[in-house]
Amino acid sequence: MSRRRTLGTKKKIALLVSAATVAGGGAFVMASTSNAAPTPKSASESTVCLGLATALGNNQKFIADQRARPDAQSEARIANREAVVAEIKRKQEASGCVVGESAQDSQAAQPAQPSAPAASAPAAPPAASAPAGNGGGGGAAAGQQVCNGSTVTLSGEGGAPAASSNQFPAGTKLKVTNLDNNKSTTVEVTSVSGSCVLLNNAAFEQVREPGKFLIRRAVIQKVG
C-alpha cells in the first residue's frame with residue numbers, strides 16, 4: 001500500500017508567498033507600462049505644430065478684429081477666414097498636434113516674466129515720419145527691409161501667390177526670403193491680416209522647407 005506524501009504547513013505558506021510575489025511583480029510591470037509618459041515630439045514635429053498654431057492664432061486674431069471693427073466687407077472676410085481656420089485644425093490633427101491650439105494660447109500659458117527695472121536714460125523721441133499703428137512699414141522705401149524679426153506663416157488662403165498684411169495696403173509688393181533655404185518669392189498684398197505679412201498657400205509653397213509651416217529666419221523687403 002503506497003503512502004501519499006503531504007506538504008507540511010511551513011512549505012505551503014512558503015509556496016503561497018512565492019506565488020503572491022510573482023503576481024505582484026507582474027502587476028507592477030503592467031502598471032509601470034500603462035503609466036509610461038508619452039513619447040515627446042521631435043524637433044521637426046514641434047516646428048510643424050508651432051507653425052500651425054501661429055497661423056491659427058493669426059487668423060483668429062484677424063476674425064476678432066473684423067468683428068470688433070466691422071465694415072461692408074467684414075462678413076465675407078470672416079467667412080473666408082473661418083474656412084481657413086477649419087483647414088488649419090485639420091492639418092493640426094493630421095500632424096499629431098493639439099487641435100485648436102493657437103500661438104496666443106501658448107503664450108498665455110507661459111508664466112509672466114518679472115518686468116525689468118526702468119532704465120535711467122531718457123527714452124528716444126518717436127520718429128515723426130512713422131505712421132501710427134503700422135510700425136513705419138507702410139512708409140518704407142523700395143528695397144528697404146521691413147517687418148524686422150517677424151516670422152512668416154501661411155494664411156491658408158488659396159489662389160495665385162499673394163500676401164496679406166496689417167502694415168501694407170493692397171497693391172504693395174513684398175519680397176520674402178527664407179534664409180534657411182535661400183528661396184525667395186515676390187508677392188502682392190491683396191488683403192488685410194493680423195500680422196506684418198502672411199503668405200497664402202501658393203506663395204508659402206515657393207519658399208517653405210518640406211513639412212514646415214513656419215519660417216523663423218526670413219528677410220522681408222518692400223519692392224518697387
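**Salt bridges, disulfides and a buried strand residue**

K61, D65 and R69 are linked in a network of salt bridges, a salt bridge being a side-chain nitrogen of Lys or Arg within 4 Å of a carboxyl oxygen of Asp or Glu. The structure is a predicted model, in which local features need pLDDT of at least 70 and side-chain atom pairs count only at pLDDT 80 or more, while totals for chains, interfaces and linings use all residues. Residues are numbered from 1 along each chain as its sequence is written, and side-chain values use heavy atoms, with hydrogens and water left out.

Helices (H or I, at least four residues) and strands (E, at least two) are DSSP runs, numbered from the N terminus. K61 is partly exposed at 36% relative accessibility, and D65 is also partly exposed, with a relative accessible area of 24%. In these terms, buried means under 20% relative accessible area, exposed over 50%, and partly exposed in between (1.4 Å probe, protein chains only).

A search of the whole structure gives 8 salt bridges. One of them joins the side chains of R67 and E82, with an N to O distance of 2.7 Å. R67 lies in helix α2 and E82 in helix α3 (residues 74–94), so this pair ties together parts that are 15 residues apart in sequence. R67 is exposed at 51% relative accessibility, whereas E82 is partly exposed at 38%. A salt bridge is also found between E205 and R208, whose closest N and O atoms are 2.6 Å apart. Of these two residues, E205 is partly exposed, its relative accessible area being 47%, and R208 is buried at 13%.

The chain contains 2 disulfides, where a disulfide is a pair of cysteine sulfur atoms within 2.5 Å. With bonded cysteines counted along the chain, the disulfides follow the pattern 1-2, 3-4. In the pair formed by C49 and C97, the sulfur atoms are 2.1 Å apart. The torsion about the S-S bond of C49 and C97 is about -85°, so this disulfide is left-handed. The pair links distant parts of the chain, 48 residues apart, with C49 in helix α2 and C97 in the loop between α3 and α4 (103–109). C49 is buried at 10% relative accessibility, and C97 is buried with a relative accessible area of 10%.

The other pair consists of C147 and C196, with sulfur atoms 1.5 Å apart.

Strand β5 (residues 183–192) contains V189. This residue is buried, at 1% relative accessibility. Leaving aside residues up to four places away in sequence, V189 touches A163, S164, S165, F168, P169, A170, G171, T172 and L174, contact meaning heavy atoms within 4.5 Å. V189 and L174 are 15 residues apart in sequence, and their C-alpha atoms are 7.5 Å apart in space.
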